[in-house]
Amino acid sequence: MPAPTTTATSPLHTWWSRRPPTAGAAVMATGILSVALHQTGYETLSRITLALACAAWLALAGDFTARLLWDRARWLKEAATPAALTAIAATTVLGTRFATLGWQPLAKALLALAALLWPGLLIAVVRRWHPRMPGGVFLGCVATQGLAVLAATLAATESTAWLAHTALVLFWLGLVLYVIALTRFDLRQVTKGAGDHWVAGGALAISALAGSKLLSADSPSLYLWNEDDTDALRTVTVALLVLDLAWYAALLIAEIVRPRLRYDVRRWATVFPMGMTAAAALSVAAALDVPWLRTPGEALLWIAVAAWLAVAAGAVLSYAEVMSTERR
């Protein structure tokens, strides 16, 4: 009998094959930093982070497609996990940044792709919600609000009323999903979570961002909202930002009291809420004409940048450890 053959794989391939679905949060984190850096005028840094986010998105999209075609069992298993929704959220974050660059056709294509993935993945994930879940349970809200943010941004740049009205529906649906997710969230994760527990606050941040984008989308030519609608949106948007900042403070205190310094890929889901809180504060400051809010928004941005650098360093060291182990 001939000896069985084995297929040699590189250490890089081995490391990549072990990548969990939560790795999509790295694209979300990097993409929202690009958005926030653009809001504060750091255009060169914004474009550098955008390029990094695009490279990571393309790699993950290729892997997503390859698993769908050739490893259907694994794809179906991962598609039913909350982390699968990072694919939608990451796509909408990149689309939002492209819209601010004036690349509307690409932003529209990403909106269409995210909208195509959203219902199937959301239903598959929500059907498996159960009590005492980690912070990933809030990704249903994040993915839905990501669509709202991108649709509202395009509505403003394209003067398209139906996109804004669709974004408004998604905005309210996202808030409903947040409330339901909150009843499923295990509060013990605040002191024990590996990183994704920060999404409890990040989901409120992207909701506040969506509210500010809806307010900014209105114009005399469109007349999207009457005075009551505008007042309601303003009140809810401000409340969301305040609640997000309260979560941010509580989570930061918990990190100080119970440090979790070991690298975990879920730490990208910590960076994303930090960056999203900064972007939300800056966007609310512009939409509601609250100039003083820009200063804390910028401070939160640089905290998020520092967190991104720390997690990126952890990822590099983790990769180096895997490479070292595989070569032995």
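Guide: A nonpolar core is a set of buried Ala, Val, Leu, Ile, Met, Phe, Trp, Tyr and Cys residues joined through side-chain atoms within 4.5 Å, where buried means under 20% relative accessible area, exposed over 50% and partly exposed in between, with a 1.4 Å probe and protein chains only. The model is predicted, so local features need pLDDT of at least 70 and side-chain atom pairs count only at pLDDT 80 or more, while totals for chains, interfaces and linings use all residues. Residues are numbered from 1 along each chain as its sequence is written, and side-chain values use heavy atoms, with hydrogens and water left out.

The largest nonpolar core holds 111 residues, of which Phe138, Val142, Trp268 and Phe272 touch the most other members. Contact here means heavy atoms within 4.5 Å, and Val142, leaving aside its neighbours within four places in sequence, is in contact with Met28, Ala89, Val199, Ala203, Ile206 and Phe272.

Helices are DSSP runs of H or I with at least four residues, numbered from the N terminus. Helix H12, residues 268-287, gives the most to this core, with 13 residues.

Ser283 also lies in helix H12, and Ser283 counts as buried because its relative accessibility is 6%. Beyond its neighbours within four places in sequence, Ser283 is in contact with Gln39, Leu209, Ser212 and Lys213. With the side chain of Ser212, the side chain of Ser283 makes a polar contact at 2.6 Å, a term for a pair of N or O atoms within 3.5 Å of which, within protein, one must be able to donate a hydrogen and the other to accept it, and for which residues adjacent in sequence count only if both atoms are side-chain atoms.

Definitions and conventions
Helix = DSSP H or I, 4+ residues; strand = E, 2+ residues; numbered from the N terminus.
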